[in-house]
Structures are given as structure tokens and as C-alpha cells.
Amino acid sequence: QRSSLKGSQPFLARSSLHIWRAHQEAMDMSLEDQFQGVAEFVRTWEEGKKAPADVLAKVYGLFKQATAGDAPDAAPEDKSKKANYESWLENKGMSKDEAMTKYMQLIEEKKKEYGVGGEGVSGGA
């Protein structure tokens with residue numbers, strides 16, 4: 001009897017199953033995997049590149065904290081890198097997991113604010 005029901009499942013039930021499986025796959029992704037997915041999205045996100053300099057610096061600071069840890073004590077000599085460095089420095093002492101989480105949350109906020117272009121974008125956290 002079970003096999004006769006299998007082919008007659010309503011579309012909604014099949015869709016719900018697909019959504020559930022996608023959710024399970026996302027839940028099975030490690031924080032690191034999710035972070036890497038969002039970071040890859042950011043590299044190609046044209047709308048995000050139009051963000052104000054302070055937002056770009058904040059994104060940079062969280063990314064660097066997540067990937068490199070605390071900023072070095074010596075500021076870069078290049079003055080054009082000062083805002084990025086200071087943003088990174090503001091995250092001093094923040095754990096890698098917290099930095100990755102905050103980075104992904106910030107990107108989600110900015111995706112809603114600036115919009116998402118392109119196809120296949122799933123960089124949500």
C-alpha cells in the first residue's frame with residue numbers, strides 16, 4: 001500500500017519534502033562552510049560593491065577577524081587602508097565563530113538593503 005501512495009503524493013507534500021531536505025542540508029553545513037559560501041557570494045555581489053566606505057570597512061573588518069584573528073598592533077603605512085585596519089582593530093578579541101556569525105548577519109542585512117542581483121545566489125546564513 002505504501003508504494004501505491006508514493007506516486008500519488010500531492011505536489012505540496014513533495015515540495016515540502018524538498019524544502020525540508022534543503023533545510024537539513026543547510027543545518028548540516030558547518031559555520032565555516034556557511035561563512036565561506038557567504039564570502040564567495042560577496043566577491044561577486046555587484047550591488048554590495050556600491051555600499052558606502054564605512055560599510056565596506058565593517059565587512060572587511062569582520063572578514064579579517066574571522067579569517068586572520070586579531071589585527072596586528074602596527075597600523076599599515078598606506079593611509080588608504082586606514083579605515084579597513086581600524087574596522088578590523090575594533091573586533092580585537094572577538095572569536096572566529098562570533099566574527100563569522102556577525103559577518104553573515106551583516107551581509108544578510110545589506111542584501112535586504114541593497115538588493116541581490118545575479119542568479120543562483122544563496123549566500124544566506
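1. The side chains of lysine 111 and glutamate 108 form a salt bridge, 2.9 Å from N to O. The term salt bridge here means a side-chain nitrogen of Lys or Arg within 4 Å of a carboxyl oxygen of Asp or Glu. Because they are 3 residues apart in helix α6, lysine 111 and glutamate 108 are separated by about one helical turn. An α-helix has 3.6 residues a turn, so residues three or four places apart point the same way. Helices are DSSP runs (H or I, at least four residues), numbered from the N terminus.

2. This is a predicted model, in which local features need pLDDT of at least 70 and side-chain atom pairs count only at pLDDT 80 or more, while totals for chains, interfaces and linings use all residues. Residues are numbered from 1 along each chain as its sequence is written, and side-chain values use heavy atoms, with hydrogens and water left out.

3. Is lysine 111 buried or exposed? Lysine 111 is buried, with a relative accessible area of 12%. The cut-offs are under 20% relative accessible area for buried, over 50% for exposed, and in between for partly exposed (1.4 Å probe, protein chains only). Lysine 111 also lies over the face of phenylalanine 41, at 5.0 Å from the ring centre. For a charge to sit over a ring, NZ of Lys or CZ of Arg must be within 6 Å of the ring centre and within 35 degrees of the ring normal.

4. Another salt bridge joins glutamate 113 and lysine 110, with the closest N and O atoms 2.9 Å apart. Both residues lie in helix α6, 3 residues apart, about one turn of the helix. Lysine 110 is buried, at 13% relative accessible area.

5. The count of salt bridges comes to 8. One of them is formed by glutamate 32 and lysine 96, whose closest N and O atoms are 3.2 Å apart. Glutamate 32 lies in helix α3 (residues 31-43) and lysine 96 in helix α6, so this pair ties together parts that are 64 residues apart in sequence. Glutamate 32 is partly exposed at 29% relative accessibility, and lysine 96 is partly exposed at 43%.

6. The aromatic pairs come next. A pair of aromatic rings is described by the distance of the centres and the angle of the planes. Rings of Phe, Tyr and Trp (its six-membered ring) pair if their centres lie within 6.5 Å; planes under 30 degrees apart count as stacked, over 60 as edge-to-face and the rest as tilted. The count comes to 6 aromatic pairs. Among them is the tilted pair of phenylalanine 63 and tyrosine 103, at 5.8 Å centre to centre and 50 degrees between the planes. This pair links distant parts of the chain, 40 residues apart: phenylalanine 63 is in helix α4 (residues 53-68) and tyrosine 103 in helix α6 (residues 96-114).

7. Phenylalanine 63 is partly exposed, with a relative accessible area of 24%, whereas tyrosine 103 is buried at 2%. Ring pairs link Phe35, Phe63 and Tyr103 into a cluster.

8. Which residues of α5 are buried? They are Tyr85, Ser87 and Trp88. These residues cover an arc of only 160 degrees around the axis, which puts them on the same side of α5. The arc is that of the directions from the helix axis to the C-beta atoms. What covers the buried residues of α5 includes α4, where contact means heavy atoms within 4.5 Å.

9. Alanine 83 lies in helix α5 (residues 82-89) and is partly exposed at 46% relative accessibility.

Methods. Helix = DSSP H or I, 4+ residues; strand = E, 2+ residues; numbered from the N terminus.
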